Amino acid sequence: MADIEVGNYGVFDDAISTGNNLNSSLTDYQSSIESNQNKLLDASVFQGPIADNCNEALTDLKTKISNIISNITTINQNLSAFKTSYLNADLDAGKIIIGEDGKITIPKIPANMKASASGFLIPFTNDVAYKVTSVFGKRRPPCEGASSDHKGIDIVAPGGTPIHAVCGGKVLSAGELGGYGNCVTVQMDDGRIVYYGHCSKVTVKKGDVIKAGDVVGKVGHTGVASGDHLHLEIRKVDSKGHKTWYNPQSSEYLGNSMPGKYKV
Ligand SMILES: [Zn+2]
């Protein structure tokens, strides 16, 4: 599995370091006030009510600076605790891995998933028994109402199996969509749209921004379907409304990385 090296949780370290620098400057400033204040107190010509007021104001200023230093110290302690808790949570979720050399890495794909050579995720976790049963293109319709020109691929998996997004994008729709039954459509950055059809349940909503691997729904047989399966389709709609379909099993997408039939 290819990993991206991130080095450390830099954002926390940077903030903590900024706080420490600020506190160091404030401490210097405080010492400088103190030293000038002492000079004033020692000066025999500077006496009386004005001198007292000035002295009081300087003492007050030193107290305020002390309070700021103390607040920054507290913020730094909180940042440090946040860093630890984020780190632990990400470790638990398998989102980051700490190597033997202490190097922290973030896997490109979730630990229990597989990606094709082009980086698209297989929509099911490794423990799921799934199989491609119908490929892209001309076919004999598997049931009444099904198309003889298959616009996507069918992947059979047990009903209720979570369906993971093959890539990130923005959810355009999630719910009833004619023959697709409960369907989630996700627009990729390049404008192409991925369809996840026949879901028993959708688990995202329109407008959600998702990343590869997020669960979008569960396998079902809603709409025109002869049994539980995921209909995975990739299409593009141009500005004039013309549609182009892409084979999800082409090398640009999932390739032949899933068990079952494939035709590229
Ligand atoms: Zn299909």
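**A walk through the model**

Reader: What is the average pLDDT for the protein?

Author: The average is 88, and 89% of the residues score at least 70. This is a predicted model, so local features need pLDDT of at least 70, side-chain atom pairs count only at pLDDT 80 or more, and totals for chains, interfaces and linings use all residues. Residues are numbered from 1 along each chain as its sequence is written.

Reader: Thanks. How many helices and strands are there?

Author: The protein has 2 helices and 16 strands. Both are DSSP runs numbered from the N terminus: helices are H or I with at least four residues, strands are E with at least two.

Reader: And what share of the residues is buried?

Author: Buried residues are 22% of the 264 in the protein. A residue is buried if 20 or more other C-beta atoms lie within 10 Å of its own, exposed if 12 or fewer, and partly exposed in between, with C-beta atoms placed from the backbone.

Reader: Which residues touch the most other members of the largest nonpolar core?

Author: Val 184 and Tyr 196, in a core of 33 residues. The elements giving two or more residues to this core are β7, β9 (169-176), β10 (182-187), β11 and β15, and β11 gives the most, with 4 residues. A nonpolar core here is a set of buried Ala, Val, Leu, Ile, Met, Phe, Trp, Tyr and Cys residues joined through C-beta atoms within 7 Å.

Reader: What does Val 184 touch?

Author: Not counting residues up to four places away in sequence, Val 184 touches Val 171, Ala 174, Tyr 196, Cys 199, Val 202, Val 204, Val 216 and Gly 217.

Reader: Let's pick Ala 174 from that list. Where is Ala 174?

Author: Ala 174 is in strand β9. It counts as buried because it has 22 C-beta neighbours inside 10 Å. Ala 174 and Val 202 are 28 residues apart along the chain, yet their C-alpha atoms are separated by 6.4 Å. Leaving aside neighbours within four places in sequence, the contacts of Ala 174 are Val 184, Val 202, Val 204, Lys 205 and Lys 206.

Reader: How many bridges are there between β9 and β10?

Author: There are 6, and the pairing is antiparallel; two strands pair if DSSP finds at least two bridges between them. Gly 175 stands opposite Cys 183 in β10. β9 and β10 form a hairpin with 5 residues between the strands, where Gly 178 takes a positive phi near 50°. β9 also pairs with strand β13 (residues 209-210), antiparallel over 2 bridges, and there Lys 170 stands opposite Val 209.

Reader: Now β15. Which strands does 5 bridges join to β15?

Author: Strand β7 (residues 152-156) is joined to strand β15 (residues 229-237) by 5 bridges, antiparallel, with Val 156 partnering His 229. Strand β11 (residues 193-199) also runs antiparallel to β15, over 5 bridges, and Gly 197 is opposite His 231. β15 and β16 form a hairpin with 5 residues between them, and Gly 241 in the turn has a positive phi of about 90°.

Reader: Which residue other than glycine has a positive phi?

Author: His 198 is one, with phi near 70°. His 198 lies in strand β11 and counts as buried because of its 26 C-beta neighbours inside 10 Å.

Reader: Last one: what order do the strands take in the open sheet of 3 strands?

Author: The order is β8-β14-β12, with antiparallel pairing. β8 (162-164) and β12 (201-202) stand at the edges with a single partner strand each, so one side of each is left without a neighbour in the sheet. β8 pairs with strand β14 (residues 215-218) over 3 bridges, and Ile 163 has Gly 217 as its bridge partner.

Definitions and conventions: Two residues are in contact if their C-beta atoms, placed from the backbone, lie within 7 Å. pLDDT is the predictor's confidence in each residue, from 0 to 100.
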